[in-house]
Amino acid sequence: MALTNLASSCAMYDSMALPERGTSSHVSLFPIFAAVTSGWAFLVLSRIDSGMKRVHEPREDSYGISDLSGPIFGGPADLEKILEVWRTSDLARSTEVWRWSYGLIDVVLVAAYVGLLWYLLVRGPASSDPAVQATRSWHLPVALIVIEVLENILQLVKPFPGAREFLWGATRLKWLLLAVLVVLVIVVSITRVVEQPDRRQMIERRLQATLAVAGQLKIQLIALAVFALLLLVPTTDQAPDMLRRSVEDGWVLAAALVAVFFLSAVLYFSDASSRPKHRKRWTPPWSLLLMGVVLVGVSFAPHVTRLRAPGILLLAIYVVGGLAGTRFHYKAAREPQRPPDGEQAEALTAEDMARARREADEERLALLYKGQRERVRRMRWWIAAVPFVVCGLALGAAETDPAFFVAESCLHRLALVLSLPMTLAAVALAGLLVTKAPDPPRGDREDHGEGSRDGDAVDSRWYTNLRRGAQAVPVSLAIGLVFSHEWLPLRLGGLGVLAVSLAALVVVLAYLQRASNLLEPPRGLEVIGFHRIPMLTLLVVWVALAAAIDDQGPHLIRAGSRPKQEPARSTVPEALDTWATRCAAKSGPTPLVLVSASGGGIRAAYWTASVLDRLAPPEQSSTCGPADKLFVASGTSGGAVGLVGYSTSFDGLDARHAGKSRSPWAQFGEDNLAPTLAALFVRDLPAAFLYNGGYDRARALEDSWSRSNSRLDQPFAWRQEPSQRRPYLILNGTMTNGCRLVVSPFDLGAGAPYQDDPARCATGERPPVSPGALDAADLLCGRQIDRKTAALLSARFTYVSPSGALPSCDGTAPVRVVDGGYAENNGAQSLVDLYTRRLEPEVREYNADHRSTCIVPIYVHVSNGYQTLTPDIVGRRSSEVMTPLRTAGAVRGQLDDVALQRAKVAMDGDVGCDPALSNKISRRFFVIHPSQHPGVQAPLGWTLSRAARNDMDRQLSAIACDKPWQSHLHEDWTALTSVLGASPKGGCESETQDD
């Protein structure tokens, strides 16, 4: 009875079967072309408009092309003022080209989305509906396009009397007509559903069918969502710069496109919707008990604690099945047996009920598969085209900045031009294959559990071989990524690694899903309502349970063995005396430079190293040069990485380093993202299920740094010899208990309070120099770490790089370390605390003992954030709903600036020497930063394209060479180089470095 009712309720799927092969099945590509073109044009226009907003002089307002029409709910814009800002900039000729390009692409955008709306309104499935007849006129969309062209002309021509009012009116009329067209589409669609019951039933059936297809292809859809999210939602501009870097290297681009092709092939062939006639019975119940006990026992071995999770899961399934079986058997033994008819269905035993559910499920699935085979086939072709569509859209957005705003980027212009045809070609090919490609063989024994028919034997063989080949290539490449930490990831690039990893993951999950369709679920799963083995659900439970069981974590920080005695540390008096002996002048002021560097990934590392390399290049000299005057430098995240890289330039060159460039591009120009992504997918993802420790993405990132600069493999010195001519370093991280972690030769933090009270930062045997900070040397018990490991302790920005487990001295649960920017992103707090509590008293004492000379501290902050040149707007109105959120964000940003404000106040104080000497250095606080300007802004990530590198070099050259858009910093730069004795315009003859 139950089987009959369920089968009849599912019979509607038979009526939803699409036409068989050989019948007419037309697919209209126009709405898809229009939607893709609209998306591409919108992304490109938004980047052009953003670039135009960066065209302005210091302390002047900025405007984009969209601002010409005025605010949506405001009055007309001041066209003369906006155009005057563009005409007086150093890019006056270029702005005209950008404006005309914007207008042409905007017309394409309007034509595309208007055509799409008109198709939905007039050319839809129910165009014969009387409610639609009145809307068949072409006047409305044509009028919308004409008004858009008029608006663009008014934006491009020279303003005339009344132009601003005409433009304002044309823009409002355009939005009004667009709103009318959208409302018409909605009203007509609702009318079709309400007035035609048969159409409503058809829509409901199609919706159910679409959900059923999505359920069968859920693995492919999840993989596509991840791929599109990573490429099209660039919150840090890392994805666009990754694509630019691939374009700049032809071989990497070719390898990446091949990887994307195999991702598309895997998305088509990895269909997990197997529908066998008969499922295989699960192994005897006691096998679950045996496997669970074995896994739990093995998990007590070192590094495989996470295997306890699947063991516990199997034991839980066994126990639930056993208890349920005992309960139902006991009930059946006591109650009289009654016939299993419809009136007495509640008397069925557990086995009969489970069998009925299984048989009903198989019948439903058979009906569903029969009615949806053609729909699934079509959906698979469209899914296979999506990776190339996503790449085309992302490439168009990424290449807009270099194509329009960089003069020498012919390669990027070509990539931008080809991005839209590549996207449309992928759509066209998918549409062609949907209508013309042959069906997969029905007699595939592996897919359907049936014997192959004679006519399908050959087709089944070639289809199966083609599918296995398409799946084997990405899986083989993924296995290669496990063993090749450098060569293969760098050849594939970030995009290729992402595509290969997702393809391999889809293959694995598809086969697991296939296995769940072929096997009957154990009794423990049937009792709680599962008719099939929920593979994805079990995997999620597995990884969550493993993370709760493993208290060590898979990301242990690499450190040496514990020494027999605590290492000696550097002291401020000894360091200052040695520095003064080498650098203090016999008469007159001598600058003592303190440097802080803010975080920001590879952008911060490259910018920090470039600024210091031009400001104070390390050089061998018997006198005190500009680099020798740098006393201490503090950094956070990428700024700390840049400081460590700059510090290694002071090392003497041995045979291994002979001839190796020490330029910032030589140190940070390699692709650090591709090896990190590879380790994330092929190392850390399996480790989350199976083991802890081993090679992870943190170690991959460290090794990628050391491949460019092998001096990073040397130990980080807990005590820096005073005779070494290099600045003392302070690297700032954040601990998960809220404390700051300080890695430095100086002892700045509290004395290892973690064992006493992990929630407090200021406890311990001695008060900290920097309140709220813990000392890394104390937590490590003096164990040695490499320079690259020390730098990464400050730059573990989750989730690109994992949090690090810092093992405690007594072997208890380790403390975890994350990026220093969580606590304070400017790297200034530790440095200011060191100066005010330790260094300033020593400087005062030295100046008091040496009246003819004077040590004058100078503070230099290297910020990598692109500062806006527009004046701040004070008192901007904010809605009451958004006020708390905006205030919270503003306060969080202000906390990072508090330490810089303290530094400025400290630099304004007296240092205990004759004012006649100290006043010779008039400025003691400097900030060096890039500014908003049309170009390729460097990303917050771990790979840097040449286009982004060249833009940062231009920013620094503009500061040193007094370019108009950096003139506000040129005076500070000249004063700073004058104090240090460096060349103020060094490198002005060349704005970019050699590769």
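**Close-up views of a predicted model**

View 1. Asn732 stands opposite Val742 in S4. This is a predicted model, in which local features need pLDDT of at least 70 and side-chain atom pairs count only at pLDDT 80 or more, whereas totals for chains, interfaces and linings use all residues. Residues are numbered from 1 along each chain as its sequence is written, and side-chain values use heavy atoms, leaving out hydrogens and water. Helices (H or I, at least four residues) and strands (E, at least two) are DSSP runs, numbered from the N terminus. Strand S3 (residues 728-735) and S4 run antiparallel and are joined by four bridges. Two strands pair if DSSP finds at least two bridges between them. Four residues lie between the strands in the S3 and S4 hairpin, where Gly738 takes a positive phi near 100°.

**View 2. S4 also pairs with S5.** Here the sense is parallel, over three bridges. Val742 stands opposite Asp775 in S5. In a regular strand, side chains alternate between the two faces of the sheet. From S4, Arg740 and Val742 point one way, while Leu741 and Val743 point the other way. All four names in that pattern are buried. Buried means under 20% relative accessible area, exposed means over 50%, and partly exposed is in between (1.4 Å probe, protein chains only).

**View 3. Ser770 sits in a loop.** The loop runs between strand S4 (740-743) and strand S5 (773-775). Is Ser770 buried or exposed? Ser770 is buried, because its relative accessible area is 0%. Contact means heavy atoms within 4.5 Å. Not counting residues up to four places away in sequence, Ser770 touches Arg740, Leu748, Gln829, Ser830 and Asp833.

**View 4. Val632 belongs to the largest nonpolar core.** A nonpolar core is a set of buried Ala, Val, Leu, Ile, Met, Phe, Trp, Tyr and Cys residues joined through side-chain atoms within 4.5 Å. This core has 113 residues, of which Leu594, Phe631, Val632, Leu839 and Tyr859 touch the most other members. H22 gives the most to this core, with eight residues. Leaving aside neighbours within four places in sequence, the contacts of Val632 include Val593, Leu594, Pro727, Phe746 and Leu834. A second, separate core has 97 residues, among them Ala394, Ala403, Leu481 and Leu539.

**View 5. Helix H22 crosses helix H33.** The axes of H22 (residues 601-615) and H33 (residues 967-980) come within 11 Å and cross at roughly 55°. That makes H22 oblique to H33. Axes are lines fitted to C-alpha atoms, for helices over the stretch in contact, and angles run from 0 to 180 degrees between N-to-C directions. Angles under 35 degrees count as roughly parallel, over 145 as roughly antiparallel, 65 to 115 as roughly perpendicular and the rest as oblique. H22 contributes Val611, Arg614 and Leu615 to the contact, and H33 contributes Trp973, Leu976, Thr977 and Leu980.

**View 6. Helix H23 is enclosed.** Eleven of the eleven residues of H23 (residues 638-648) are buried, so H23 is largely enclosed by the rest of the structure. Among them are Gly638, Val641, Leu643, Tyr646 and Thr648.

View 7. Asp61 is partly exposed, with a relative accessible area of 31%. The C-alpha atoms of Asp61 and Ile82 are separated by 8.8 Å, although these residues are 21 residues apart along the chain.
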